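Biologist: Hi, I have a structure here and a few questions about it. Please keep the answers plain, and I'll follow up as we go.

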Amino acid sequence: MSHYFLLDQIATQLYTSAREYDKNFTLIHMIRKDPSINDNAVASSLLMKSELQGDNKNHPLILSVNDTLYYGWVETEENYFLLGPTKFLDASMRPELARTRLSFTLPDVDPAPLLSVIPNCTLRILARCTADLYDLMISDDKTLINVDELIADCVISTETDEKTVETFHRMMFENVENNFVHNPFNHEKLEVDYIEHGNVESLKTLLNERFPGRYGRLSDDPIRQERYLAVVAITLATRAAIRGGVHPETAFYLSDTYIHRIDRCLDATEIIRLTVEAELRCATIVRELNVYSDEKSDNENENQHISHCKDYIFTHMHGKITVQEIAAAIGLETNYLSTLFKKHEKKTLKQYITEEKVKLVKNLLTFSSYSYIEIATYLGFSSQSHMGMEFKKYTGMTPGEYRTRYMREDFIKESVDDLSI
């Protein structure tokens, strides 16, 4: 069994596991260099994938699981071999594999415990080990596998992780040679701090301090360079505004608006101007919010809680909503939120949620041809009968009666759904 020696060498080089299975996916032999790397559940789920149960004897493969764990795969006439798991240094070095047959999503797999113990690897090392095993196991009359061909067969992106590392080191060398230093980190830190606290005047002074020639080269095209810098600056600014109390949707819409304008802009000076305007706008909104917060009464504070509560309900209508979830989302204690809502709205939170869902049911019954079970599922009712019971409680009609009376003629199906509640 000369291949056992090679499996041991591969497991040693990758400092991970190397497994051999028969054609029934029964484990024959396993070498595990680090006992803490226990990926048995991942390996078992991976072996069940139909994409690996075909004829891959002429195609050693690189596989990924949840875009974080990577394996080498070799199939012979009698056996399967699985090398891994491995990981790459960071997201920028992870290759993009051929999704349809090489990249697998396992929803029940949490890679975090494995990522904390698996040593870093590179795509070329993993490919080299896979190719070496394939070369040993195939018959003598076959051509040895080429590592570059293996990578090209498995990776969509033409740039491998090693090229990224090469570019990284080349840019570092050039920066040192040219005495290049990025703009001060403390400047950026002050920038987001002023926005988060609504300190508009200090931000204006700070934004006048630019550092020509000290911003990282993100593109060789000068317009695209300014666009990339603008997107980074606006993203940081809107997140700072959210931390300063601005509603996330407001901040995101503001970000989208400015980035969209910048995307159409063909003048570098105008891009810089729009970026400064966006940052100042974020700081101004935070300042106005702080002034308003200082002046408003306890009653107005309570109204804000109710408003946030309704916002949450509105954006989560397509599922089951609980008072506990809402309270956690807006930072209130569950009983306090229930009492506060009933005090202001004269109804319980559960009643309000049901009423809002019934309104949506009425719209869907009138302006769509969705079946009753589809509507019930879509809006998070526990069953079709549950939706029918709640609907009749608030409207006095069953969904079938309501649809018959109010459905728009152009939405009526040729075959009327005969399901009735």
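This is a predicted model: local features need pLDDT of at least 70, side-chain atom pairs count only at pLDDT 80 or more; totals for chains, interfaces and linings use all residues.

Biologist: What should the 22 residues of helix α9 span, and how far apart are the end C-alpha atoms?
Modeller: At 1.5 Å a residue, α9 (residues 222-243) should span 32 Å, and its end C-alpha atoms are 32 Å apart, so the two agree. The expected span is 1.5 Å times one less than the number of residues in the helix. Helices here are DSSP runs of H or I with at least four residues, strands are runs of E with at least two, and both are numbered from the N terminus.

Biologist: Good. Back to α9: which residues are buried?
Modeller: The buried ones in α9 are I223, Q225, E226, R227, A230, A233, I234, A237, T238, A240 and A241. Buried means under 20% relative accessible area, exposed means over 50%, and partly exposed is in between, using a 1.4 Å probe and protein chains only.

Biologist: And what is at the start of α9?
Modeller: There, a side-chain oxygen of D221 comes to within 3.0 Å of the backbone nitrogen of I223. Just after α9, G245 has a positive phi of about 115°.

Biologist: Now I195. Where does I195 lie, and is it buried or exposed?
Modeller: I195 lies in helix α7 (residues 185-196). I195 counts as buried because its relative accessibility is 0%.

Biologist: Which residues is I195 in contact with?
Modeller: Leaving aside neighbours within four places in sequence, I195 is in contact with L203, A237, A240, A241, E279, C282, A283 and V286. Contact here means heavy atoms within 4.5 Å. I195 and A241 are 46 residues apart along the chain, and their C-alpha atoms are separated by 6.1 Å.

Biologist: OK, what about Y378?
Modeller: Y378 is in helix α16 (residues 372-378), and at 44% relative accessibility it counts as partly exposed. With neighbours within four places in sequence left out, Y378 is in contact with H318, G319 and L364.

Biologist: At what angle do the axes of α15 and α17 cross?
Modeller: Roughly 95°, with the axes of α15 (residues 349-367) and α17 (residues 384-395) coming within 10 Å. α15 and α17 are therefore roughly perpendicular to each other. The contact is made by Q351, T354, E355, V358, V361, K362 and L365 of α15 and M387, E390, F391, Y394 and T395 of α17. By class, that contact of α15 with α17 has 6 nonpolar, 3 polar and 3 charged residues.

Biologist: What are the cut-offs for those labels?
Modeller: Angles of 65 to 115 degrees count as roughly perpendicular, under 35 as roughly parallel, over 145 as roughly antiparallel and the rest as oblique. Ala, Val, Leu, Ile, Met, Phe, Trp, Tyr, Cys and Pro count as nonpolar, Asp, Glu, Lys and Arg as charged, and the others, Gly among them, as polar.

Biologist: And how far apart are the axes of α13 and α14?
Modeller: They are 9 Å apart, and α13 (residues 323-330) packs against α14 (residues 334-345) at about 100°. So α13 and α14 are roughly perpendicular to each other too. V323, Q324, I326, A327 and I330 of α13 make the contact with T334, L337 and S338 of α14.

Terms used:
Residues are numbered from 1 along each chain as its sequence is written. Side-chain values use heavy atoms; hydrogens and water are left out. Axes are lines fitted to C-alpha atoms, for helices over the stretch in contact, and angles run from 0 to 180 degrees between N-to-C directions. A polar contact is a pair of N or O atoms within 3.5 Å; within protein, one must be able to donate a hydrogen and the other to accept it, and residues adjacent in sequence count only if both atoms are side-chain atoms.
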